[in-house]
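Please look through the model below with these notes beside you.

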Amino acid sequence: MSQETRSPQARPREAGTAPRHRRAHTLRTPVGVTALTGCLLVALVAVLGPVLLGTRAARIDTDAINQASSAAHLLGTDNLGRDIAARVVVATRLTLELTLLATAIGTVGGLLLGVAPAVLGRRAGRLITATVGVLVAFPGLLFLLFLATVFGVGSTGAVWAVGLAMVPPTARLVQNLTASVAGADYVAAARILGVGRCRLVVRHLLPNIAEPSVLYATQAAGGILVAFSGLSFLGLGVQPPQYDWGRLLNEQLNRIYVNPVAALAPGLAVVLTGLMFGLVGEALAQAGGRRTPRPRPAAPRRAVTPAREAAADTAPDAADGSLVQVRDLRVTFPGGRHAVRGISLGIGAGEAVGLVGESGSGKSLSALALADLVPHPGRTGARTLRFDGHDLRADPRLGTSLAMVFQDPMAALNPALRVGRQLAEVAEVHLGATRAQAAARAADRLGAVRIPAPERRARQRPHEYSGGMRQRAVIAMGLMGQPKLIIADEPTTALDVAVQQQVLDLLAEVRADSGAALLLISHDLAVVAQVCERVLVMYAGLIVEDLPVTELARGAAHPYTRALVGAVPTMTTDPGTPLATIPGRPPEPGEDGGGCSFAPRCDRARERCHTAAPELAGFGTGRRVACWYPVGTTAGASAVTTSPEGETAS
């Protein structure tokens with residue numbers, strides 16, 4: 001039975017209890033049992049030790065100075081006749097307090113420096129990253145001694161010295177973890193939604209790096225304990241009359257040959273407690289199951305030929321009455337790599353348009369440019385980029401009248417937040433809804449995309465959803481506003497055939513109910529033919545053909561479109577018919593030979609194709625093609641095309 005057809009009560013219970021099962025199982029393992037026992041024992045000693053043995057540890061007995069181990073004094077006495085065993089037990093509280101305080105300072109400081117580059121401008125972020133790199137490269141022991149000298153002798157200075165010495169390695173770890181999360185789609189969407197920097201860190205970054213950060217802090221606490229005891233041993237930490245394990249070790253070291261037990265007991269306490277911290281970290285790892293940039297200048301405009309400008313201005317799909325009007329859209333990356341090289345398109349209200357092409361042709365980047373989600377360091381430029389009467393460069397519409405359905409729903413949904421809360425945030429930010437109103441709308445939208453028991457499902461996290469349900473939840477997120485355009489980027493790629501059909505039917509229902517237009521990005525021509533009314537074919541960052549979907553199977557004029565159609569078998573294809581293949585490879589971004597980009601792979605190419613790039617021009621009624629010799633014309637002569645005004649040109 002598939003995940004989509006199972007009882008709605010079965011799967012959530014199994015998924016929701018999995019973390020509890022892991023924790024329960026961990027507590028039954030040798031590591032878990034040892035860590036828990038060690039924690040309880042140390043905690044009891046720290047709490048009860050000073051209460052039960054505080055007086056005995058402080059009592060001075062001049063008649064029992066420097067005695068060896070005996071029944072009365074298990075570890076002997078010191079030079080004032082005080083019981084060493086009692087002092088070791090009593091010192092547990094102060095040692096742990098100072099260790100945990102230093103760990104807290106190091107962890108908080110590391111988190112602040114670690115997440116700073118993700119929320120500050122590029123220059124400030126680079127400065128912080130470089131500073132952390134220099135401090136990490138500095139020898140840790142020398143850095144600790146330097147800080148101890150700066151803060152002075154005493155427990156307070158030692159706490160700050162040890163805590164701040166932990167900050168650079170913690171910050172480096174957090175920077176690496178944050179970098180892996182900051183590039184996720186849900187973080188980019190949160191930026192576009194206008195989520196503040198502090199809220200971005202608290203709600204989207206920190207929850208997703210909490211587990212490895214806690215694990216690191218727990219294991220680092222053992223090293224901090226050793227470092228703090230070392231400072232006290234050197235006389236830079238705890239000062240009399242206070243004492244910790246390092247101080248006791250210093251006092252008894254000169255008697256190690258006379259009474260070795262008294263000297264080794266504090267050191268043994270340090271070692272065992274350090275091992276306990278390490279075991280706690282290992283148990284946490286087992287229980288867990290896993291271990292705004294600065295505004296960028298606009299991209300330099302590419303030279304626009306008079307023919308290209310005229311074609312863009314007179315293109316029928318870029319008319320002023322269109323819902324989407326795009327002219328000369330470009331997406332560039334450093335090094336002169338042009339991923340999208342000046343496309344023009346238009347989408348009418350309620351129209352379904354498919355965008356197809358090979359991987360790397362620029363389909364997804366074109367859609368991301370409409371949503372203002374082009375990843376850094378990409379830069380977007382266009383002569384016209386309008387949606388529903390708004391300039392998208394000055395007024396992004398994502399989350400209100402423009403909805404985005406991402407290819408990977410697990411990247412679009414924050415795994416640390418409940419699904420309903422993520423949907424509700426859209427209504428709170430853009431619609432001004434209260435928290436209760438937004439939660440109610442989130443449940444309503446989940447029900448609208450046919451997710452069973454939406455109120456209960458809204459309280460679950462993405463990992464408790466199946467793949468098809470996650471994709472529906474992403475569609476529901478787009479419906480939190482009142483979308484006039486839905487951009488669906490490969491929405492069925494990772495789904496099986498049955499669930500794929502459900503998602504396509506759902507998109508059709510959403511369009512019928514809301515009247516929204518659809519831009520469907522896909523490499524599956526069968527899906528596009530089923531859903532869309534018009535098809536745009538992209539190759540090497542350019543639109544090479546625009547035609548009705550009814551003409552896709554047999555009426556395509558561009559050789560590239562013909563090859564794409566011929567490479568996909570249908571139910572009526574003769575089993576003995578060889579599928580079409582396209583020799584060679586697509587050009588890399590930045591490769592521009594001056595002619596048609598498809599010419600090196602085209603069997604209709606002539607000399608003109610290698611020297612001059614064809615423009616996207618009219619080719620019959622409601623069609624455009626960028627080819628000198630389209631299918632249906634004589635390959636040895638220039639194509640005769642019909643402009644939108646009915647004029648002919650060779």
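**Notes on the predicted model**

1. The axes of helix H3 (residues 84-119) and helix H6 (residues 155-182) come within 5 Å and cross at roughly 35°, where axes are lines fitted to C-alpha atoms over the stretch in contact and angles run from 0 to 180 degrees between N-to-C directions. The crossing of H3 and H6 is right-handed, meaning that the near helix is turned clockwise from the far one by less than a right angle. The contact of H3 with H6 involves 18 nonpolar residues, eleven polar ones and no charged ones; Ala, Val, Leu, Ile, Met, Phe, Trp, Tyr, Cys and Pro count as nonpolar, Asp, Glu, Lys and Arg as charged, and the others, Gly among them, as polar.

2. This is a predicted model, in which local features need pLDDT of at least 70 and side-chain atom pairs count only at pLDDT 80 or more, while totals for chains, interfaces and linings use all residues. Residues are numbered from 1 along each chain as its sequence is written, and side-chain values use heavy atoms, with hydrogens and water left out.

3. Gly54 and Ala86 are 32 residues apart in sequence, with their C-alpha atoms 7.4 Å apart in space.

4. Eight strands form an open sheet with mixed pairing, in the order S7-S8-S9-S3-S10-S11-S13-S12; strands pair if DSSP finds at least two bridges between them, and helices (H or I, at least four residues) and strands (E, at least two) are DSSP runs numbered from the N terminus.
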